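Please find below a short note on the structure for discussion. The points are numbered and may be read with the sequence and the model side by side.

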Amino acid sequence: MEHARRQELEAYVTRDGSTIREWAGPGYAAEAANLSLAEATVAPGRATIEHLHLRSEELYLVTAGAGRLRVGEEERAVAAGDCVAIPPGTPHRLHNDGEVDLVVVCACSPSYSHEDTVLLEEE
């Protein structure tokens, strides 16, 4: 059985500017070949860099905080308990306009990779 514990996962800053903890995917604690699962944190007043994934479909499940999510040309408020599906090739960006961390569990299929991520703004 593949098993990951959050407190044992090292956080890193990904290409879009969020802090990530990878639970599952190729090469991670819970080895999965065809999908990935991660927790992204965006600090108050911060935003991710607008980006897209060429092949991966992504689900965002907001687990804490609130903010704004732009997917394609549409932007709306999101808060804990909301889930949004992001199709492959669709630009998206999270902005934390609240006072606490915005925390999102992200699932990607096929699994997340830096090579599949295209930044649409300057880092």
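1. Is Thr 117 buried or exposed in this model? The model is a predicted one, and in it Thr 117 has a relative accessible area of 5%. Because buried means under 20% relative accessible area, Thr 117 is classed as buried.

2. When residues up to four places away in sequence are not counted, Thr 117 touches Arg 15, His 51, Leu 52, His 53 and Tyr 112.

3. What is the relative accessibility of Gly 45? The value for Gly 45 is 58%. Since exposed means over 50%, Gly 45 counts as exposed.

4. Gly 45 sits in the loop that runs between strand E3 (36–42) and strand E4 (51–53). With its neighbours within four places in sequence left aside, Gly 45 is in contact with His 95, Asn 96 and Gly 98. As for Pro 88, this residue is 43 residues apart from Gly 45 along the chain, and the two C-alpha atoms are separated by 27 Å.

5. Strand E6, formed by residues 66–71, has two faces. Gly 67, Leu 69 and Val 71 make up the covered face, whereas Ala 66, Arg 68 and Arg 70 make up the uncovered one.

6. Which strand pairs with E6 over six bridges? The partner is strand E7 (residues 74–79), and the pairing is antiparallel. Within this pairing, Ala 66 has Ala 79 of E7 as its bridge partner. E6 and E7 form a hairpin with two residues between the strands, and Gly 72 in this hairpin takes a positive phi near 65°.

7. E6 also pairs with strand E9 (residues 92–95), in the antiparallel sense and over four bridges. Strand E9 has a covered face of His 92 and Leu 94, while Arg 93 and His 95 form its uncovered face.

8. The bridge partners can be read together with these faces. Leu 69, on the covered face of E6, is the bridge partner of Leu 94 in E9, and Leu 94 is on the covered face of E9. Arg 68, on the uncovered face of E6, has His 95 as its bridge partner in E9, and His 95 is on the uncovered face of E9. His 95 is also among the residues in contact with Gly 45.

Terms used. Residues numbered from 1 in each chain as written. Predicted model: local features only at pLDDT ≥ 70, side-chain atom pairs only at ≥ 80, totals over all residues. Heavy atoms only, no water. Buried < 20%, exposed > 50% of the residue type's maximum accessible area, 1.4 Å probe, protein only. Contact = heavy atoms within 4.5 Å. Pairing = 2+ DSSP bridges.
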